[in-house]
Amino acid sequence: MATNVYIDGTWVPASGGVIPTCDPATEELLEEVGFADASDVDAAVAAARRAFEDRQWRSMPPVQRARLLFDLADLIEAHAEELAVLETRDQGQPVGISRAVSVTGAAEHFRYYAGWVTKIEGATSPVSFPDTLHYTRREPVGVCALITPWNFPLMILAWKLAPALATGNTVIIKPAEQTPLTSIRLVQLAERVGFPPGVINLVTGDGSTGAALAEHPDVDKVSFTGSTEVGRSIVRASAGNLKRVTLELGGKAPSIIAADADIDAAVAGNIAGSVLNSGQVCAAYTRFYVDRKREDEFVAKLADGVSGMRLGPGLDESTQLGPLVSAEHLRSVEQLVATGPAEGAELVTGGRRAADKGWFFQPTVFAGVKDGMTIATKEIFGPVLSVLSYDDEDELAAVIARANQTEYGLAATVWTKDLTVANRVAEGIRAGAIFINMPSIPDMAAPWGGFKASGWGREMGSLAIDAYTEVKAVWCHYGS
C-alpha cells in the first residue's frame, strides 16, 4: 500500500517508481513510497475536479459534512499511539511531542473545523438600489493542492485539510518526500470514514510532483508550507491560471529579553521556543537580543539548559531532542554553524554532530553575535541559538529596528514585566505572531502566518475559512 497513490477513492500504483523514507535516528529504511509522476498528478486533479463539479460533496448538508470531520477526528484519536509512533519513526521528533502536539493537534483541528461547517454564513448589504436585495454567499474555491512540510507532517496537513474539507473543496495532498507515512495513514483513515470518491486524493513524490501540482491549470488553489525559496517558485507557477495561493514559509524569529525580565523564566521559555523538534520549527526563536546588564547571566543559563538536554531516538521516552530529519539537512546545519566562529562569534556550547549513527546535532549556543553574521540572518532550522546584546531600554526602538532587519516576519517574542515595553514591541515588530513571555505555540482558534518573505495569507482560526472560500455577491431585484 505504501507504494500506491490514492486517486478517486482507489489506491493505485504510482507511475514513477518509488522513493525511500528513512528513520533519522537509525538511518535505516522504513518504507519505499510511490513516486507520482505528471500522469498521476493529472489523474488526481481530474478526480478532484469531477468530485467538485458533480456537487455531491459541496452540496452535502452541512451537518453531514461536519459529521465526517468529527468521525475522522475520532479515528485519529482511536489510532493515536500508532500515529505518534509512525510520526516519530519517520520524522524523528520525541514521541511525547508526537502524542501531545502532532496527533492531538491533528484531531482537534478536525473537531474545530467540523464545528465551523454549520456556521459558514453570508451577509446582506444595504445597497442603494430600490427594491433590491443584495446578499453574499461563501462558496468553496474548488480543487486545492495541499503541499506539506517534513517538520510536523501530520499536524500541518490537518491545518490545511480540515478547513479545506469544511468549506466544501476537493483536495490533492502532496506530503514532503522525507516524511510521507502519517499522511498516507491519515488518508487511509479518511477512506474508512467514507468521504465521497475524489474528494481526498494523495500523491507522494519529490519536488517535481509538487511543482506539477503548482503549475496545473485545473488546480484552483495551492496551500504550501515550506521554504521561502520554494514558495517563490509556487508564486511563479500560479500565474498561469491565477490560482489562489496561501504560503507559510521561513522564519528567523527574534526574542527580546528586557532588563527587568525574569531570567530563569526567559531561559526556560526560550529553550522551549527554540529547540522544540530540534529547532526544526519555522517559528523557532533563534536570535536573542539581551540587555547587556543581563547578558552574561542569560548566556550561562541558556548554555547550561540546552547542554543538559538528553539527545536520543524519539521512541525513547526519556529523549528531549531527537535527530534532524535527514543527512542532507544535517550537512546544511553543519555548514551554517561553521560560519559562526569564522565570522567572529563565540561558540559557548555544542556546534557539532552528536553521534556517528543517526542525524543528531548538539544544541548550540553562540555569544557575541553581530546582526550581519550568517548565523543571525540565515534560517538554520536546527538547534542553534545566537545571543546578541543591546545597552539599555532607551534603545528599545533601535532593538526593534534590529529585530526587523530580516526578510522574514513569522513570529517574535519579548520577555518583560513592563506592559508598556511588551506592547511597544508587539506593535513594532513586523511579524505575524508576537508572543509575550511565552514560547511560540500556535492554536487552531488563532490565525497563523507571516509578514514579508514568511508568507502570504493566514491559516487556522476563522481566517482559514476565508482562505478556502470565495465570496459571491447576489443581486435580486424584486420590483416591477
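Visitor: Which residues is Glu 248 in contact with, leaving aside its neighbours within four places in sequence?

Guide: Glu 248 is in contact with Trp 159, Phe 224, Thr 225, Gly 226, Cys 282, Leu 410, Trp 448, Ser 454 and Glu 459; contact means heavy atoms within 4.5 Å. This is a predicted model, where local features need pLDDT of at least 70 and side-chain atom pairs count only at pLDDT 80 or more, while totals for chains, interfaces and linings use all residues. Residues are numbered from 1 along each chain as its sequence is written, and side-chain values use heavy atoms, leaving out hydrogens and water.

Visitor: Why is Glu 248 called buried?

Guide: Buried means under 20% relative accessible area (exposed is over 50%, partly exposed in between; 1.4 Å probe, protein chains only). Glu 248 has 1% relative accessibility, so it counts as buried. It lies in strand 11 (residues 244-248). An unreviewed UniProt entry lists Glu 248 for "active site", and such annotations may be inferred rather than shown by experiment.

Visitor: What makes strand 12 and strand 13 a pair?

Guide: Two strands pair if DSSP finds at least two bridges between them. Strand 12 (residues 253-257) and strand 13 (residues 285-291) have five, in the parallel sense. At one of these places, Ala 253 has Tyr 285 in strand 13 as its bridge partner.

Visitor: What is the order of strands in the open sheet?

Guide: The seven strands run 14-15-16-13-12-17-18, with mixed pairing. From one strand to the next, the twist averages 25 degrees.

Visitor: How do you know that helix 9 packs on the sheet?

Guide: Helix 9 (residues 263-275) touches strand 12, strand 13, strand 16 (384-390) and strand 17 (411-415). Its direction makes about 160 degrees with that of strand 13, on a scale from 0 to 180 degrees between N-to-C directions.

Key. Helix = DSSP H or I, 4+ residues; strand = E, 2+ residues; numbered from the N terminus.
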